[in-house]
Amino acid sequence: MTTLSEVARLAGVTSATVSNVLRQRGKVGEQTRQRVLDAVAQLGYRPHLTARALAEGRAPTLALVVSSIANPFYPEFALAAERAARDHGRFLIVCNTNDDPDIGRAYLDQIAGTLSDGVLIMNANLPMDELRKTEQRGAPVVLCMWEKPDAPPELPCIAVDFHEAGAIAARHLLGLGHQCFAALVGSKKSGIHAERYRGFASACAQAGHKHPLQRTRYINDTVEAGYRATMELLKEHPQVTAIFASNDLPALGAMNAIADLGLNVPRDISVTGITDIQWARVSRPALTTVAVPTEEAARMSIDLLLALIERRSPSPVMRVTATPQLVERASTAAPRKRKG
């Protein structure tokens with residue numbers, strides 16, 4: 001592997017000059033700069049990022065830790081975050097934990113503060129005390145897509161009003177005339193989607209329609225889980241005219257189940273989700289959903305993390321995105337009158 005010293009010898013300059021040229025800092029004459037670049041190209045030199053990070057105590061990379069890269073929302077967020085990082089001259093490392101806290105801890109131990117200057121956390125199933133330890137080691141941590149703006153966590157975060165997202169979905173279905181709902185909540189009762197369901201149930205109650213618990217299922221946040229739960233719900237409660245899902249994946253599973261039961265979306269049953277992933281736009285029928293500002297949240301997360309790294313912002317701090325917005329597509333309609 002070519003070294004910095006070898007580039008310096010070929011260019012006839014010091015190693016410090018080579019370093020300044022590659023990092024675009026310091027005053028270097030144009031002829032000298034070109035000699036250095038020619039030597040770099042001739043020798044095929046590539047900086048050793050790990051060595052540089054250890055020597056300087058600063059890395060050119062940021063880390064994004066996600067619970068499951070198989071969930072299509074996370075690649076969409078990662079793409080937006082990577083663009084934002086590149087705008088600041090940074091690289092983004094995506095770390096997938098597969099919902100395993102031990103894998104998450106290993107990433108924090110090996111990357112935070114060495115290969116990565118700071119860490120973005122996306123529902124990575126990691127306890128707060130582990131994240132605080134990372135912060136105490138000198139690697140700032142930002143929680144992305146925090147679901148409760150009215151209850152800030154102990155760490156810096158970018159929050160989205162998911163309670164309002166659930167309420168928006170409820171008001172849409174109520175406005176269409178639906179009164180008999182089922183709900184698919186893509187987490188445990190106390191899990192990350194609880195606030196979305198609370199928003200939905202609260203809006204229903206305000207309109208005089210208390211949502212019964214027996215028509216609610218707490219499931220995994222997957223298409224398959226949405227499918228199974230919908231098959232079960234509709235066999236037990238065939239009077240249901242609308243299904244609220246706390247995320248788009250279970251909503252898509254619900255639509256598949258409805259089709260397999262010989263029913264039509266939205267003529268027989270309306271379905272709505274939350275998030276607005278790409279699959280929601282290309283499904284047939286296209287899914288009505290409450291869109292969260294994914295790109296805005298990603299950019300805000302990168303901006304906040306860099307501000308913490310550069311000590312331009314106090315910690316902890318919470319910044320809130322724009323309010324989620326209803327995207328009305330083809331999966332919802334007024335309920336049709338049923339015979340009998």
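This is a predicted model: local features need pLDDT of at least 70, side-chain atom pairs count only at pLDDT 80 or more; totals for chains, interfaces and linings use all residues.
The protein chain has 340 residues, of which 50% count as buried. Its secondary structure amounts to 13 helices and 12 strands. Taken along the principal axes, the C-alpha atoms occupy a box of roughly 90 × 35 × 30 Å. Among contacts in the protein chain with a separation of 6 or more, 70% involve residues 24 or more positions apart.

Two or more lining residues are contributed by each of helix H5 (73-87), strand E3 (119-122), helix H7 (128-136), strand E4 (141-146), helix H9 (194-206) and helix H10 (223-236). By residue class, the lining of the largest pocket consists of 23 nonpolar, 14 polar and nine charged residues.

H13 is mostly covered, with 12 of its 16 residues buried. The buried positions are Thr294, Ala297, Ala298, Met300, Ser301, Ile302, Leu304, Leu305, Leu306, Ala307, Leu308 and Ile309. The end C-alpha atoms of H13 lie 23 Å apart, which agrees with the 22 Å that its 16 residues should span at 1.5 Å a residue. Just after H13, Arg311 adopts a positive phi of about 55°.

Helix H8 (residues 162-176) contains 15 residues, and the distance from its first C-alpha to its last is 22 Å, close to the 21 Å expected at 1.5 Å a residue. At the start of H8, a side-chain oxygen of Asp161 comes to within 3.4 Å of the backbone nitrogen of His163. The buried residues of H8 are Phe162, Ala165, Gly166, Ala167, Ile168, Ala169, Ala170, His172, Leu173 and Leu174. An α-helix has 3.6 residues a turn, so residues three or four places apart point the same way. In H8, the buried set includes Phe162, Ala165 and Ala169. Just after H8, Gly177 has a positive phi of about 105°.

In helix H2 (residues 15-23), the buried residues are Thr17, Val18, Ser19 and Val21. Their cover includes helix H1 (4-11) and helix H3 (30-43). H2 is followed by Gln24, whose phi is likewise positive, near 55°.

Asp117 is situated in the loop between helix H6 (101-111) and E3. Asp117 has a relative accessible area of 10% and is therefore buried, the cut-off being under 20%. The side chain of Asp117 is joined to that of Arg90 by a polar contact of 3.0 Å.

Glu154 lies in the loop between E4 and E5. Because its relative accessibility is 54%, Glu154 counts as exposed, for which the cut-off is over 50%. Apart from residues up to four places away in sequence, Glu154 touches Arg132 and Pro316. With Arg132, a polar contact of 2.3 Å is formed between the two side chains. Glu154 and Ile243 are separated by 89 residues in sequence and, C-alpha to C-alpha, by 35 Å in space.

Asn220 is placed in the loop between strand E7 (216-218) and H10. With a relative accessible area of 56%, Asn220 is exposed. When its neighbours within four places in sequence are left aside, Asn220 is in contact with Gly186, Ala225 and Pro250. The C-alpha atoms of Asn220 and Val185 are 8.0 Å apart in space, and the two residues are 35 apart in sequence.

Notes:
Residues are numbered from 1 along each chain as its sequence is written. Side-chain values use heavy atoms; hydrogens and water are left out. Helices (H or I, at least four residues) and strands (E, at least two) are DSSP runs, numbered from the N terminus. Ala, Val, Leu, Ile, Met, Phe, Trp, Tyr, Cys and Pro count as nonpolar, Asp, Glu, Lys and Arg as charged, and the others, Gly among them, as polar. The expected span of a helix is 1.5 Å times one less than its number of residues. Buried means under 20% relative accessible area, exposed over 50%, partly exposed in between (1.4 Å probe, protein chains only). A polar contact is a pair of N or O atoms within 3.5 Å; within protein, one must be able to donate a hydrogen and the other to accept it, and residues adjacent in sequence count only if both atoms are side-chain atoms. Contact means heavy atoms within 4.5 Å.
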